[in-house]
Amino acid sequence: MNRKKLLIFGIILLLGFGLFYVYNNVLYKESRNIEKEESFFLLTSADLIKQYKSDLSKSDEKYLNKTIEIEGKITEISESTITLDSTIFCSFDKKIGQENLNKKVRIKGRCIGFDEMFNEVKFDQCTILE
């Protein structure tokens, strides 16, 4: 009887530690700070869209969820998004001013994939580099 109680207690203890680990390291893990991360690639918007249109799966394998710097001309600005050369959609965490419209810029962000509906490569957590 004592062995059975000890075994049950051990299982409950292991389960408790397992749940504690999952809670602290998986569910509430700090989000990435893309602005401070080093970029994996530096590309022009034309190069990136060309690669995505030629081979979607290979491009996703190479760029998806990576920190990338993109150079291009701002063709559209809304409250917290920018479109580069009508093909790269960049989402920001703050409002964007209209003063950069039609200017060439370098943007750093995380690639979240190709949107086939709009024919755009999408980025989030973007920042404009000076």
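## Terms and model

A residue is called buried when its relative accessible area is under 20%, exposed when that area is over 50%, and partly exposed in between, with a 1.4 Å probe and protein chains only. The structure is a predicted model, in which local features need pLDDT of at least 70 and side-chain atom pairs count only at pLDDT 80 or more, whereas totals for chains, interfaces and linings use all residues. Residues are numbered from 1 along each chain as its sequence is written, and side-chain values use heavy atoms, with hydrogens and water left out.

## Salt bridges between strands

Six salt bridges are found in a search of the whole structure, each being a side-chain nitrogen of Lys or Arg within 4 Å of a carboxyl oxygen of Asp or Glu. Arg106 pairs with Glu69, their closest N and O atoms being 3.2 Å apart; this pair links distant parts of the chain, since Arg106 is in strand E5 (residues 104-115) and Glu69 in strand E2 (residues 67-77), 37 residues apart. Strands here are DSSP runs of at least two residues, and helices (H or I) are runs of at least four, both numbered from the N terminus. Arg106 is partly exposed at 31% relative accessible area, whereas Glu69, at 14%, is buried.

Arg106 also meets Glu71 in a salt bridge of 2.8 Å, N to O. Because Glu71 lies in strand E2 and Arg106 in strand E5, this pair ties together parts that are 35 residues apart in sequence. Glu71 counts as partly exposed, with 30% relative accessibility, and Glu69, Glu71 and Arg106 are linked in a network of salt bridges.

A further salt bridge joins Asp124 and Arg110, with the closest N and O atoms 2.5 Å apart. Asp124 lies in strand E6 (residues 120-129) and Arg110 in strand E5, so parts that are 14 residues apart in sequence are tied together; both residues are buried.

## Nonpolar surface patch

Leu6, Phe9, Leu13 and Phe17 form a nonpolar patch on the surface, with about 460 Å² of accessible area together. Such a patch joins nonpolar side chains (Val, Leu, Ile, Met, Phe, Trp, Tyr) within 5 Å, while like charges are joined within 9 Å, and its residues have over 30% relative accessible area and no salt bridge; the areas come from the Shrake-Rupley method with a 1.4 Å probe, and for residues only the protein chains shown count as cover. Leu6 is found in helix H1 (residues 2-27), and its 60% relative accessibility makes this residue exposed.
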